[in-house]
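Biologist: I have a model open on my screen and would like to understand the words used for it. Could you take me through them?

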Amino acid sequence: MDGHLIRFEENKTFVFIDCETENLCLNECNNLPWQIAMIKAEGGKMVDSKDYYVSWNRDINISADAARITRFNPVDYNKKKIKFEEIFPTIKDWLDNADYIVGHNILGFDIYLIKDFYNYAGEEYQHLMDKIIDTNCVAKGIKFELPYKEGEDFLEYQYKLAHERRRGVKTNLAFLGKEYEIKHDPSKLHDALADLELNLKVWNQLKYRLEF
């Protein structure tokens, strides 16, 4: 048995992170997250979670499409919002102390937000990179029959797949949930915490198809 593989690392801490944002821009001047959620998992099971509505030093300006897709409720947001400065210590603690940081399309989107979180707080973020697992990239590698090879740099392997597209191949979170027959409520998708709950279940399927 290959006990060194990630699927067997029962004592490792996996932190899943997802953000809902104003739009899809990767520039913090034009796009800030209004919701940041995290799940802490060990042995494939959630042991803790955080779900923050975030306020910044300017008003949130959510695009019409983003508001519709994420079902952004300004009343709920204004009741629950917390200053970023108050939640960053927890975000930093969870990410810095995680063995792995997991997200769906984290290399294509969320890592840019995370970088901005650390920069905003005057902190370095580069030490997080080697811990990242992008479940979108992993799913593409499986579907494209481009497996990870032992000894290969895992981050580099994922980046090769991050922007790869193939006609008719779907790797979005909702599709993977359906493909793996995972029970979830589709109406709750695009809520950061609900997405992470599905992401954890999808990862629990993918890790048995990944020789890493």
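**Reading the terms**

Modeller: Gladly! Let's start with Ile111, which is found in helix H4. Keep in mind that this is a predicted model.

Biologist: Why is Ile111 called buried?

Modeller: Buried means under 20% relative accessible area. Ile111 has 5%, so Ile111 counts as buried.

Biologist: What is Ile111 in contact with, leaving aside its neighbours within four places in sequence?

Modeller: Contact means heavy atoms within 4.5 Å. By that rule, Ile111 is in contact with Ile106, Met129 and Ile132. As for Leu128, 17 residues from Ile111 along the chain, the two C-alpha atoms are separated by 9.4 Å.

Biologist: Nice. Now to Leu210, in the segment after helix H8 (192-206). How do you know whether Leu210 is buried or exposed?

Modeller: With the cut-off for buried at under 20%, Leu210 has a relative accessible area of 4%, and therefore Leu210 is buried. Beyond its neighbours within four places in sequence, the contacts of Leu210 are Arg7, Val138, Tyr148, Phe154 and Trp203.

Biologist: Phe154 sits in helix H6 (residues 154-162). Which residues of H6 are buried?

Modeller: They are Phe154, Leu155, Tyr157, Gln158, Leu161 and Ala162.

Biologist: What makes you say that the buried residues of H6 line one face of the helix?

Modeller: Look down the axis of H6: the buried residues fall within an arc of 160 degrees, so they line one face. Their cover includes helix H4 (106-120), strand E6 (132-134) and helix H5 (135-143).

Biologist: And the whole protein chain: how do you know whether its radius of gyration agrees with that of a compact globule?

Modeller: For 212 residues, a compact globule would come near 17 Å; the protein chain has 17 Å, so the two agree. Along its principal axes, the C-alpha trace spans about 50 × 35 × 30 Å.

Biologist: How much of the protein chain counts as buried?

Modeller: Of its 212 residues, 48% do. The accessible surface is about 11,300 Å², and carbon and sulfur atoms hold 47% of that.

Biologist: Which share of the contacts with a separation of 6 or more joins residues 24 or more positions apart?

Modeller: That share is 69% in the protein chain.

Methods:
Residues are numbered from 1 along each chain as its sequence is written. This is a predicted model: local features need pLDDT of at least 70, side-chain atom pairs count only at pLDDT 80 or more; totals for chains, interfaces and linings use all residues. Side-chain values use heavy atoms; hydrogens and water are left out. The radius of gyration is taken over C-alpha atoms; the globule rule is 2.2 Å times the number of residues to the power 0.38. Buried means under 20% relative accessible area, exposed over 50%, partly exposed in between (1.4 Å probe, protein chains only). Accessible areas come from the Shrake-Rupley method with a 1.4 Å probe; for residues, only the protein chains shown count as cover. Helices (H or I, at least four residues) and strands (E, at least two) are DSSP runs, numbered from the N terminus. The arc is that of the directions from the helix axis to the C-beta atoms.
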